[in-house]
Amino acid sequence: MLLEKMLQSQGFGSRKHCQQLIKSGAVSIANQVISEPKFKLQLQDLQFRVYGKDYCYREKVYIALHKPEHYECSHQSTHHQSVFDLFDESLINRGIQCVGRLDQDTTGLLLLTDDGQFLQALTHPKKHVPKVYQVRTVDPIPQQQLDDLSTGVELRNEKGIYAATDVTLVDSHALQMTIHQGVYHQVKRMLAAVGNKVEQLHRAQVGQLQLQQLAQGEWMYLNLEQLEATKQQSETGLIII
């Protein structure tokens, strides 16, 4: 691949802008400045620098973000900051999108990608990728509410019964639950259906990828093993990030 085309694929701007970057001496490979836009590259394990910052060539990007509170999962945020404000311009130019959404007041594991097939694989209703939520409620949680969440509830304007699995009481005002669908505001609506209200909500896990170590606002690229863990539904192979 030509150097100018590679830079464009990595989100560094238009072909013309990438040509200007190269000609200005901003791009180097293996500590050698490359000033020829038509320089031919081997993409395997390619590392390069732009203005002294290191990058790895990635055909597609897969990102895990610990979403902070008061951030919206939208490029055109209205009342709060956008999660896309947390990323470099090059990633924004690649067209990364959220894999599903978390409300502005919900924290936790949010995946982003520029791979449309991967996004579809995780968000299609038939895939039933499990997602683990930690919930703090306004009112105490009686056993009946735990039972009702496990048995299933009806949600207004939705067809069918929505049930959680692995519903566990943490303390009198907190529980953990796993959902397998992902309709709009599902956890909040399920708690409302059993007669309670969510005060705080945190997504701790998607598939077998579990969020523990990333601080709020921090993000990382997923490797192949971590990527596969987002699709796994078994109880084995848990990967901590």
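Across the interface of domain 2 and domain 3, two salt bridges turn up, a salt bridge being a side-chain nitrogen of Lys or Arg within 4 Å of a carboxyl oxygen of Asp or Glu. Keep in mind that this is a predicted model, where local features need pLDDT of at least 70 and side-chain atom pairs count only at pLDDT 80 or more, while totals for chains, interfaces and linings use all residues. Residues are numbered from 1 along each chain as its sequence is written, and side-chain values use heavy atoms, with hydrogens and water left out.

The assignment, automatic or from a database, gives domain 1 (3–56), domain 2 (62–125 + 208–231) and domain 3 (131–206). The centres of domain 2 and domain 3, taken over C-alpha atoms, are 22 Å apart. Their contact (heavy atoms within 4.5 Å) takes 18 residues from domain 2 and nine residues from domain 3.

How much area is buried between domain 2 and domain 3? About 1,100 Å², with carbon and sulfur atoms giving 36%; buried area is the accessible area (1.4 Å probe) that two parts lose on being put together, summed over both.

Now for a salt bridge you can find by eye: the side chains of Asp105 and Lys188 meet at 2.9 Å, N to O. On the side of domain 2 that touches domain 3, E9 gives the most, with six residues; strands here are DSSP runs (E, at least two residues), numbered from the N terminus.

Finally, look around Leu191. Leaving aside residues up to four places away in sequence, Leu191 touches Val135, Thr137, Leu149, Leu175, Met177, Asn196 and Val198.

Note on methods:
Helices (H or I, at least four residues) and strands (E, at least two) are DSSP runs, numbered from the N terminus.
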